[in-house]
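Please open the structure in your viewer and keep the selection panel at hand. The tour below moves from one selection to the next and says what is to be found at each stop.

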Amino acid sequence: MLIRWSAAAAAAMMLSSPVLLQGASAADKPTDPQIAHIAYTAGVIDINAAKQAQKKAKSKDVKAFAKDMLRDHEAVNKQALALVKKLNVTPEDNETSKALSKQAADKMAELDKLDGAAFDKAYVANEVAYHKAVNGALETQLIPSASNAELKSLLQTGLKIFQGHQQHAEHVAAELK
Amino acid sequence: MPGRLASIALAAVLLSMVVPARAATIEITMDNLVIAPPEVSAKIGDTITWVNRDFFAHTATARNGDFDVMLPPKKSATSVLKKAGTIEYYCRYHPNMKATLKIEP
């Protein structure tokens with residue numbers, strides 16, 4: 001459920017650099033309203049990436065992958081919205097969400113300059129890195145930090161489905177070579 | 001007319017031999033990205049009720065092409081089994097979801 005952005009940037013951002021790890025420190029763990037915002041933002045980023053890919057991708061497999069991303073991430077975000085409404089929680093914007101959005105916008109601009117096979121390759125490579133980064137963040141930071149049981153459960157379902165996305169993206173990436 | 005009664009009775013007996021005793025309805029669920037039960041035995045004429053409890057769309061897609069059932073989020077669908085065989089099937093959207101359906105004649 002979370003994100004998608006630039007391959008290298010994504011990995012760097014969530015795994016080793018400032019953005020998600022910052023919030024991950026035990027002393028400063030994200031609150032549920034922040035987690036909800038991060039998760040939703042990450043989903044929106046991958047949805048937008050998929051929409052871009054639907055317009056630009058050339059390979060049939062890449063187009064099909066983008067369609068799968070759109071379907072699943074929209075489903076997760078719809079569920080997330082229903083949950084925050086039910087829990088009466090207002091998602092709270094935060095530095096992690098802002099950094100994610102900024103990186104995503106940069107990556108999207110970068111991908112927009114590519115066409116055909118070059119786009120396909122760059123998009124899928126980024127999807128691999130993005131899902132890897134998001135899954136890592138979910139596992140080590142967001143899920144452990146979530147205090148509401150339903151939010152935690154939704155994040156766990158998200159992790160499960162995004163692990164499948166990562167495998168799928170890796171498979172498509174291997175086929176493109 | 002005992003002769004005619006007898007032939008009707010015979011026809012009824014023959015018919016009951018041809019028509020399967022009773023077709024069963026078997027439920028297979030998809031919940032949290034898992035298909036349960038992972039292995040099902042059924043007979044030709046049985047009905048499978050596919051239940052998708054997830055908020056994701058799934059499919060039940062036979063690897064040999066025998067069926068491809070679409071399951072929108074939180075929806076069910078049914079299939080009547082018409083062909084014998086051991087069929088491996090999976091969800092096209094989430095290929096980690098896989099299971100087996102054994103259909104006996």
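**A sheet in chain B**

Begin by selecting strand S5 of chain B, residues 58-62, together with S6(B): the two run antiparallel and are joined by 4 bridges. Within this pair, centre the view on B:Ala60, which has B:Val69 of S6(B) standing opposite. The model you are looking at is a predicted one.

Now widen the selection to the whole sheet, which is open, has 5 strands in the order S3-S9-S8-S5-S6 in chain B, and shows mixed pairing. At its edges stand strand S3 (39-43) and strand S6 (68-71) of chain B; each has a single partner strand, so one side of each is left without a neighbour in the sheet. If you look along the sheet, neighbouring strands are turned against each other by 20 degrees on average, with direction ignored.

**One residue in S9**

Next, select strand S9 of chain B, residues 98-104, and within that strand pick out B:Thr100. For a distance to check in the viewer, take B:Ser76, which is 24 residues apart from B:Thr100 along the chain, with 19 Å separating the two C-alpha atoms.

**Where the chains meet**

Turn now to the contact between the chains, in which 9 residues of chain A meet 9 residues of chain B. On the side of chain A that touches chain B, the elements giving two or more residues are helix H4 (60-87) and helix H7 (149-176) of chain A, and the largest share, 5 residues, comes from H4(A). Coloured by class, the residues on this side of chain A divide into 2 nonpolar, 3 polar and 4 charged.

**Two helices of chain A**

Finally, keep H4(A) and H7(A) selected and look at how they pack: their axes are 11 Å apart and the angle is about 170 degrees. Since angles over 145 degrees count as roughly antiparallel, the two helices H4(A) and H7(A) are therefore described in that way. Among the residues that meet are A:Phe65, A:Met69 and A:Leu83 in H4(A), and A:Leu154, A:Ile161 and A:Val172 in H7(A). By class, the contact of H4(A) with H7(A) has 12 nonpolar, 4 polar and 5 charged residues.

Definitions and conventions
Residues numbered from 1 in each chain as written. Chains lettered and ligands numbered in written order. Predicted model: local features only at pLDDT ≥ 70, side-chain atom pairs only at ≥ 80, totals over all residues. Pairing = 2+ DSSP bridges. Axes fitted to C-alpha atoms, helices over the stretch in contact; angles between N-to-C directions. Contact = placed C-beta atoms within 7 Å. Nonpolar A, V, L, I, M, F, W, Y, C, P; charged D, E, K, R; others polar. Parallel < 35°, antiparallel > 145°, perpendicular 65-115°, else oblique.
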